[in-house]
Structure formats: C-alpha cells, structure tokens
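Student: Hi, I have a new structure open and would like to walk through it with you. Can we take it piece by piece?
Tutor: Happy to, let's bring it up.
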Amino acid sequence: MIKSMTGFGRAEVITKERKITVELKSVNHRYLDLSIKMPRKLSFLESTVRNLLKKYIQRGKVDVFISYEDYTLSQGSLKYNRELAAEYLGYLKEMAQDFGLDYDMKVSALSRYPDVFTMEEQSLDEEELWNCLEQPLMEACEKFVAAREREGEHLKNDLVLKLQGLDEKVTIVEQRSPLVVDAYKEKLEAKVHELLADTQFDDARIAAEVVMFSDKICNDEETVRLHSHIAGMRKMLEESDGIGRKLDFMAQEMNREANTILSKSSDLVISDIAIDLKTEIEKIREQIQNIE
C-alpha cells in the first residue's frame, strides 16, 4: 500500500509515576527530515528515538513532539550551601561596618540569596525511561503510518483515474496521426493538380513527399513509450512503499514524450491533445509529490 507524506499520530501513557505524550505530524519533503522536540532530561534518548522513527518513515518533513511529566516526589533534593551563606553574611557585616549601617539580616532574607538553596535533580534510570517512552512512541508511529496509508489510498485512486484519461488521449493521438498524413496527401495532390492543370506529373514524387512528411510528424515512438510509462506507473502503484521518487522520474519521462509529440505536430487537434497531455502529466506530478 502506498503512503502519503502527510500524516498525524498521537499516543499517551499515564502511570502513577509519570505521563508521556508523543505526537507526530508531517508534510511533503524530498528526503526524510526529522525534527524532534523533547524535554532536556530526555535528550539522551534522541538518537534511540530517531532510529526507531526511521523504521516507520522513509520520506517527509516530520515534527515529533514528546512531553514528559514526573509525578514522583523524588525528582530532586534540596541542598543548603552553608559555605556560601557564611560568605554572604561576612560581606554583609563588612558593608554595615564600612558605611555605619545597622546590621539587620534575617534568615528569611538570607535564604533568598542566589544559590543558598538549590534543587538538585536525582539521577534518572535511563533504561526505565526508555521502556516507558518506547510504547507510546511506537503506538504514535503506527497511527501515523495508518493515517499515511489511508491518504495514500486516496492518492492512488486519483492517480489511476488520471492515468486512464491519459492513456485514452494517447490512443486518440495514435488514431489521428494516419488521418493527418492522408489529409496532407490529398491536399498536396490537389495543390499539384491546380498548379499543373492538365500537365502530367509524377505520382512517385508525390508519394516520396508524403513519406518525408509522414516521417517528420511520426510520433509512433512517443505514443508507444507513453503507453509503456503509463502501464509502468500503474504497476508501481501496486507496490508497497518508497515509490515516490520512482514515480516522479516516470512522470518526467512522460512529460518529455508529450513535449516531443507537441513539437512534431502540424495538426491542430493533435497539438491540443498534446497540450492536454502535458497538463494532465503536471497534475500527476503534483500528486506524486505527496507520495512517500
């Protein structure tokens, strides 16, 4: 099943100790671009998170948001810096003596001085944290992939319809081309008759001229290749994932064939169809940009 590059997935786990929420959302991108935002205390897990994400995602600009709340009371411990507090008091007494001021320091005031009291975080159990994060991360990835697959199915159906219309237009060009040659032959014969009146003229010369004209406007190779590319793209759409780049290359080749048909054409009808082909191929390319 093909996947769109647009997707969203969310998962959450809540225990007595903590709450972890994971969200993924993505848009189109030529390559895989992972942007991971998580609390600093979980930053040591970024490489592990990135490796897990790569198992689920091949292309797209993906924003990953991880939030973490710790409900335990052992998140940190309060530390009293006795030496720093004594240093503050010493300088305050010195200031009072230097300027003849009353020494009125209270404990409550001293406790608010920088770094007298500090909160030190307890060391984290890295393995335990990863075990808690892995489950919601995998669940969010699975929901993310499922959303991409649903959107990918819509893209596939739309592309199949567009390819069918493209194939029909190429068939019209094939059917129209011999008529253009016949019309040219009739026009040429009529012109020669008009110019030479009753004078005899060489039928072989006209036949040679018609052959040269036919070779000049012949688009058999282009129409055959277009049919082949359309069939190839239909086959690719039945493959699994990672086909976005291959489809884009195929669309470029199809556009090249349509350009050649347009440049060779001397017939207004075929020219109009060739322009329609280019327009439809461009629409197909735009859709392909959404495929992983």
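Tutor: One thing before we start: this is a predicted model. Let's begin with the strands. E2 and strand E4, residues 60-70, pair in the antiparallel sense over ten bridges.

Student: Which residue in E4 is the bridge partner of valine 22?
Tutor: That is isoleucine 66.

Student: And what about strand E1, how does E1 pair with E2?
Tutor: Strand E1 covers residues 7-14 and strand E2 covers residues 18-27, and the two run antiparallel with eight bridges. They make a hairpin, with three residues between them.

Student: What stands opposite valine 13 there?
Tutor: Isoleucine 20 in E2 is the residue facing valine 13.

Student: OK, changing topic. Where is arginine 59 found?
Tutor: Arginine 59 sits in the loop between helix H1 (46-54) and E4.

Student: Is arginine 59 buried or exposed?
Tutor: Buried: its relative accessible area is 9%, and the cut-off for buried is under 20%.

Student: Which residues is arginine 59 in contact with, leaving aside neighbours within four places in sequence?
Tutor: Among them are Met5, His29, Tyr31, Leu32, Gly244 and Arg245. Arg148 and Glu292 are also in contact with arginine 59.

Student: How far apart are arginine 59 and asparagine 28?
Tutor: In sequence they are 31 residues apart, and C-alpha to C-alpha they are 7.9 Å apart in space.

Student: You mentioned Arg148 and Glu292. What does arginine 148 form with glutamate 292?
Tutor: A salt bridge, with the closest N and O atoms 2.8 Å apart. Arginine 148 lies in helix H4 (residues 126-196) and glutamate 292 in the segment after helix H8 (268-288), so this pair ties together parts that are 144 residues apart in sequence.

Student: Is that pair buried or exposed?
Tutor: Arginine 148 counts as buried, at 1% relative accessibility. Glutamate 292 counts as buried too, at 3%.

Student: How many salt bridges does the count come to?
Tutor: The count comes to 19 salt bridges.

Student: Which residue does lysine 246 meet in a salt bridge?
Tutor: Glutamate 239, with an N to O distance of 3.0 Å. Lysine 246 is partly exposed at 39% relative accessible area, and glutamate 239 is partly exposed at 30%.

Student: Let's switch to helix H7. What's up with glutamate 257?
Tutor: Glutamate 257 is placed in helix H7, residues 244-264. It is buried, with a relative accessible area of 7%.

Student: What joins the side chains of glutamate 257 and arginine 225?
Tutor: A polar contact of 2.8 Å. Not counting residues up to four places away in sequence, glutamate 257 touches Glu222, Arg225, Leu226 and His229.

Student: Last topic, the surface. Which residues form a nonpolar patch?
Tutor: Leu78, Tyr80, Phe117 and Met119, with about 470 Å² of accessible area together.

Student: Which strands supply the patch?
Tutor: Strand E5 (76-80) and strand E6 (117-121) each supply at least two of its residues.

Student: And phenylalanine 117, where is it found?
Tutor: Phenylalanine 117 is in strand E6, and it is partly exposed, with a relative accessible area of 41%.

Student: Great, thanks for the tour!

Notes
Residues are numbered from 1 along each chain as its sequence is written. This is a predicted model: local features need pLDDT of at least 70, side-chain atom pairs count only at pLDDT 80 or more; totals for chains, interfaces and linings use all residues. Side-chain values use heavy atoms; hydrogens and water are left out. Two strands pair if DSSP finds at least two bridges between them. Helices (H or I, at least four residues) and strands (E, at least two) are DSSP runs, numbered from the N terminus. Buried means under 20% relative accessible area, exposed over 50%, partly exposed in between (1.4 Å probe, protein chains only). Contact means heavy atoms within 4.5 Å. A polar contact is a pair of N or O atoms within 3.5 Å; within protein, one must be able to donate a hydrogen and the other to accept it, and residues adjacent in sequence count only if both atoms are side-chain atoms. Patches are made of residues with over 30% relative accessible area and no salt bridge: like charges are joined within 9 Å, nonpolar side chains (Val, Leu, Ile, Met, Phe, Trp, Tyr) within 5 Å. Accessible areas come from the Shrake-Rupley method with a 1.4 Å probe; for residues, only the protein chains shown count as cover. A salt bridge is a side-chain nitrogen of Lys or Arg within 4 Å of a carboxyl oxygen of Asp or Glu.
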